[in-house]
Amino acid sequence: MIEVVHVSKYFDNEPVLKDISVTFERGKTNLVIGQSGSGKTVLLKCIVGLLDVDEGDIIYDEVIFNKLNFGDKKSIRKEIGMLFQGGALFDSLTVEENIIYPMDMFTSMTTEEKIERANFCLKRVNMVNSNHLYPAELSGGMKKRVAIARAIALNPKYLFCDEPNSGLDPKTSIVIDNLIRELTEEFNMTTIVNTHDMNSVMEIGSKVVFIANGMKCWEGTNLEILHSDNQVLNDFIFANSLARHVKNTMKN
Amino acid sequence: MVSVYKGKKINEGITGSWHGVEPRTVRFSQIIINFISRNLQNMGFFFHVGKYFELMLKVFTKPEKGIMYYRQTVREIEALGLNSVGIVFIISVFMGAVITLQTAYNTENPFLPSYLIGLGCRDSMILEFSSTMVALILAGKVGSNIASELGTMRVTEQIDALEIMGVNSASYLILPKIIACILIFPLLTLFSMIVGVAGGWLAVLFTHVITPTDFVYGIQYAFIPFYITYSVIKMVVFAFLITSISSYHGYYSYGGALEVGISSTRAVVHSSVFILLFNVILTQLILS
């Protein structure tokens, strides 16, 4: 479980996150949604420690993460897997080497064990026989899947995904979404996904947090979101005419 | 005088407070003063110096896993060092040839023995060209390579990915580069000295400005082995400057392709300036 307690963040004295408090539960796919520039990525970067919070606390299973020193943070970071927007695969390494990298760095596994684990992770994301390809030879969807394989290589307790569907077609997006949900349930991880894709919200959002202008405006489940009276939320999720039409039909 | 370009006064402020001074001088001194005061006001210079040393503290920490750093260092020796052998060879051979020819054409004096041309070529290569000139060339090749590699890793979030895994990204990415360059650049200097003198010999052989025997006598005459040590010491310092300054610019890149290009350019310019500065300092310290 990850708790965000009264977190605020400022850039040049301008507030980007304003007093956000939210709990992300284990075994659930927690979605953070909001417009571009609303503060989703800043919140995610604060949670993983890439940015320091100015006020408040980030608590990982009762450990206040933001108050730990570099060494103690490292031990928690080894339990974190993260999927970046562009995949962030290491260009100079093959798919297999990318997945083996965290095992090389932090475990004393034998080469055979590492390859076996890499093959398991690749099989889990349906990327069998791509071991010796380089990231430049992969499509956008394949890169995301390899990045997920790398993220789960060390069996993490926490999985973070920053806009996993950006740049992907709707069908591939659903494949990635379902993969994230299945892995979350299979390995009982605490998963936080940043997205503004409503398909993802409806598909995997067991908990949804809506952020606007750096503030938490709403939280609930994917089923509750359609019936919310929150005007800001409704303006966001029913932004296009088709969605508004569906909403009106449901009302009637 | 105020110049007007497309309806806008473009140098109104420059001459305003500098009455009675030549306009050209005013413009130049004003630019220098503006540059210095802007940097001091914004604390830009001190900010970068502080940030550079902060980065170096992160770089020189105990490696997480020695074997990974060792592998990375071997990779960097190949990428940054061995892949530079070609350019060092070409530059040195032509530099040696040109020094020999220029010395020959400028010392057509019957009172000067012709073997001095060989001596001039040897000492020029050893004292200055094989260290400083090669370092400047490597600042261009290796410096831009390092800055663009790290800059691209930064903007594509690969460095963030390392940090999330719990890896000390600064140390893992930069330390092997520094070690590789410190190990391999002095060898490139020695290689450059040999090839440069050979280039001079080839020039003599083909142009007959002096006899090859005189040239060979000249390169053996009054040889001071300490000059090689001096040159190697300089190159070790230059290797550190090139890799650390370029890494600094690359590591703190942000934005996209444009900013990575700017970082790359800054890396080359700043490395070159510091090479020239330290060349003076080290020469004074070692040879005086």
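Let's start where the two chains meet: the contact takes 14 residues from chain A and 13 residues from chain B. Keep in mind that what you're looking at is a predicted model. On the chain A side, the elements that give two or more residues to this contact are helix 2 (70–77), strand 6 (80–83) and helix 3 (95–106). Helix 3 of chain A makes the largest share, with 3 residues. What kinds of residues does chain A bring to the side that touches chain B? Sorted by class, there are 9 nonpolar, 1 polar and 4 charged ones.

Stay with helix 3 of chain A for a moment. Its buried residues are V95(A), E96(A), N98(A), I99(A), I100(A), Y101(A) and P102(A). And what covers them? The cover includes helix 4 (111–124) and helix 5 (140–151) of chain A, and also helix 7 (158–165) of chain B. So part of that cover comes from the partner chain, just as a contact within 7 Å between C-beta atoms would show.

Now slide along to the sheet in chain A. Strands of a sheet pair through backbone hydrogen bonds, either parallel or antiparallel. Here, 4 strands form an open sheet in the order 2-1-4-5, with antiparallel pairing. Strand 2 (14–24) and strand 5 of chain A stand at the edges with a single partner strand each, so one side of each has no neighbour in the sheet.

Let's walk through some of the pairings. Strand 1 (residues 2–11) of chain A is joined to strand 4 (residues 55–60) of chain A by 5 bridges, and the two run antiparallel. Strands 4 and 5 of chain A form a hairpin with 2 residues between them, and D61(A) in the turn has a positive phi of about 45°.

Finally, hop over to chain B. Helix 3 (residues 44–59) and helix 8 (residues 169–207) of chain B pack at an angle of about 90°, with their axes 8 Å apart. That makes the two helices of chain B roughly perpendicular.

Key. Residues are numbered from 1 along each chain as its sequence is written. Chains are lettered from A and ligands numbered from 1 in the order in which they are written. This is a predicted model: local features need pLDDT of at least 70, side-chain atom pairs count only at pLDDT 80 or more; totals for chains, interfaces and linings use all residues. Two strands pair if DSSP finds at least two bridges between them. Axes are lines fitted to C-alpha atoms, for helices over the stretch in contact, and angles run from 0 to 180 degrees between N-to-C directions. Angles under 35 degrees count as roughly parallel, over 145 as roughly antiparallel, 65 to 115 as roughly perpendicular and the rest as oblique. Ala, Val, Leu, Ile, Met, Phe, Trp, Tyr, Cys and Pro count as nonpolar, Asp, Glu, Lys and Arg as charged, and the others, Gly among them, as polar. A residue is buried if 20 or more other C-beta atoms lie within 10 Å of its own, exposed if 12 or fewer, and partly exposed in between; C-beta atoms are placed from the backbone.
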